[in-house]
Amino acid sequence: MTILAPIQAAAVEFAPEVTYLNTSSWGLLPRRTIAAVKALADENAAGRRVGAGSFEAVEAARAGFARLVGVRPDRVATGSSVTVHVGLIAASLPPDAEVLCPEGEFSSVVSPFALRGDLRMRYAPLADLAGAVRESTALVAFSAVQSADGRVADLDAVRAAAAAHGARTLLDATQAAGWFPVDAGAYDYTVTGGFKFLLCPRGTSFLTVTEEAQDTLPALFAGWVSAGAPWTSNYGPLERLAPTARGFDEPPAFLSYHGAEHSLALLAEVGSDALYAHATGLAARLREGLANLGHKAVPGESAIVAVPGLDGLQPDLVEAGIAVSAPAGNLRISCHLYNTEADVDRLLDFLA
C-alpha cells in the first residue's frame with residue numbers, strides 16, 4: 001500500500017511509544033494540539049489569560065468540525081460529551097414515543113432514552129435496522145460505525161426507511177468522523193465525541209441539528225453561553241436561546257477546545273479521502289493477514305477490525321507494546337492516520 005503524501009506529512013505530529021492500534025478507545029494527540037493545551041495551561045497558571053480561555057478557539061473547532069461533516073457552523077453545538085447531547089434529544093420526546101436502536105448499541109446512545117421510563121424502546125439487529133422502522137417509530141438512534149466490532153450501518157437504507165415512516169434520525173458518528181465520510185446534514189441530529197478519531201482532547205463533543213429539529217429541543221441545559229454572545233449574558237435569566245445550534249452549547253472546557261482547534265485543522269490538511277483510503281487500506285491488509293492465520297474477522301471495509309473470540313489475547317498484546325482493546329468478546333484493532341503497514345505486520349507477527 002502506498003502511503004499518501006498528506007499522511008506522511010502528518011506522521012511528524014505523533015510520537016507513540018507503543019504500536020498504537022486503539023483509536024476506538026482514544027486517539028493520540030498531535031504535537032500541535034499538545035502545544036496549544038500546554039500554552040493555555042501556562043497562561044492560566046501565570047494569570048495572563050483573561051477568562052481562562054478563548055471563544056475564538058471554540059469557534060475554530062466548531063468550524064473545523066462543520067467542514068468535516070458537511071454542514072454550516074451554525075448547525076453545530078459544542079459540548080463535553082455525547083451523553084449530554086443525547087440526553088437533550090431524549091428530553092425532547094413526548095411520553096410513549098417509540099425509539100428504535102440496534103442491538104448492542106453503545107450505552108450513551110441508548111441509555112438516555114431507555115432510562116426515561118416512559119418511552120417505548122425497540123431493538124433490531126444492525127443489518128435489519130432499516131426494515132424494523134415502522135409508522136409508530138418516532139426516532140431511530142444508531143451509530144454510523146459500531147463501537148463493539150466496527151460494523152458500518154447501511155446509512156442510506158436507514159435514512160430512507162425513516163423518511164418513509166416520518167421518523168427522525170439520530171446518528172452517533174463518534175467511531176466514524178475523522179476517517180469515514182459523514183454527511184451530518186442528512187440526519188436530524190448527529191452526536192460525536194471528539195477524543196477518538198477526531199484526535200481531540202477529552203471534553204470535546206459536537207451536536208448537529210437541522211433547523212426543523214431544533215425547534216423541538218428544550219432549553220434543558222441553558223446557561224450563560226446559550227444566548228450565543230458569551231460574556232454578555234452572565235447574570236439573570238436569558239431572554240432567549242441563540243437562534244442557531246449555538247443555543248445548545250455547553251460552557252466550554254477551554255483547555256480541550258484550545259487543543260481541538262488544532263487537531264481538526266490537521267485532519268483538514270490530511271483530507272478525508274486520503275485518510276479514508278489509508279485507514280481502510282491498513283484494515284484490509286490486517287483482515288487478509290488474519291485470514292491467512294485462520295482467524296475470521298468481522299467482515300466489511302471498516303477501519304476498525306474486530307476478531308471474535310480473541311479478546312483474551314489483549315493483555316498479552318498490551319504487555320508486548322501493542323495497544324488494542326477487547327470489547328464485547330472481540331479483539332478490536334483500529335487503524336488511523338498515524339498507523340503504518342509495520343504496525344499491522346507487528347500485530348500479525350505476534351498472532352502468528
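**Entry 1: α10 and α12**

I looked up how α10 passes α12 in this predicted model, and the crossing is right-handed. I took α10 as residues 272-292 and α12 as residues 341-351; their axes come within 10 Å and cross at roughly 20 degrees. Because angles under 35 degrees count as roughly parallel, I noted α10 as roughly parallel to α12.

I then listed who touches whom. From α10 I have L282, R285, L286, G289 and L290, and these meet E341, V344, D345, L347, L348 and L351 of α12. Sorted by class, this contact of α10 with α12 holds seven nonpolar, one polar and three charged residues.

**Entry 2: helix α3 by itself**

I checked the length of α3, residues 55-69. The helix has 15 residues and reaches 21 Å from its first C-alpha to its last, close to the 21 Å expected at 1.5 Å a residue.

Next I asked which residues of α3 are buried. I wrote down F55, A57, V58, A61, R62, A63, G64, F65, A66 and V69. What covers the buried residues of α3? I found that the cover includes strands β2 (76-79), β7 and β8, along with helix α9.

**Entry 3: α3 against α9**

Having seen α9 in the cover of α3, I looked at that pair of helices. α3 and α9 pack at an angle of about 40 degrees, and their axes are 8 Å apart.

On the α3 side I listed F55, A57, V58, A60, A61, G64 and F65, which meet F254, Y257, H258, A260, E261 and L264 on the α9 side. The residues of this contact divide into ten nonpolar, two polar and one charged.

I placed S54 in the loop between α2 (31-46) and α3. Is S54 buried or exposed? Its relative accessibility is 14%, so S54 counts as buried. Setting aside neighbours within four places in sequence, I found S54 in contact with R49, F254 and H258.

**Entry 4: T78 in β2**

I located T78 in strand β2, and β2 is among the elements that cover the buried residues of α3. T78 has a relative accessible area of 1%, so I marked T78 as buried.

Which residues does T78 touch? Not counting residues up to four places away in sequence, I listed V58, R62, H85, S205, F206, F248, D249, E250 and Y257. Of these, V58 and R62 are among the buried residues of α3.

L199 is not a glycine, yet its phi is positive, about 65 degrees. I found L199 in the loop between β7 (189-193) and β8 (205-209). L199 is buried, with a relative accessible area of 0%.

W231 is likewise not a glycine and has a positive phi of about 75 degrees. I placed W231 in the loop between α8 (211-214) and α9 (254-270). How accessible is W231? Its relative accessibility is 47%, so I noted W231 as partly exposed.

Note on methods
Residues numbered from 1 in each chain as written. Predicted model: local features only at pLDDT ≥ 70, side-chain atom pairs only at ≥ 80, totals over all residues. Heavy atoms only, no water. Axes fitted to C-alpha atoms, helices over the stretch in contact; angles between N-to-C directions. Helix = DSSP H or I, 4+ residues; strand = E, 2+ residues; numbered from the N terminus. Parallel < 35°, antiparallel > 145°, perpendicular 65-115°, else oblique. Left-handed = near helix turned anticlockwise from the far one by under 90°. Contact = heavy atoms within 4.5 Å. Nonpolar A, V, L, I, M, F, W, Y, C, P; charged D, E, K, R; others polar. Buried < 20%, exposed > 50% of the residue type's maximum accessible area, 1.4 Å probe, protein only. Expected span 1.5 Å × (residues − 1).
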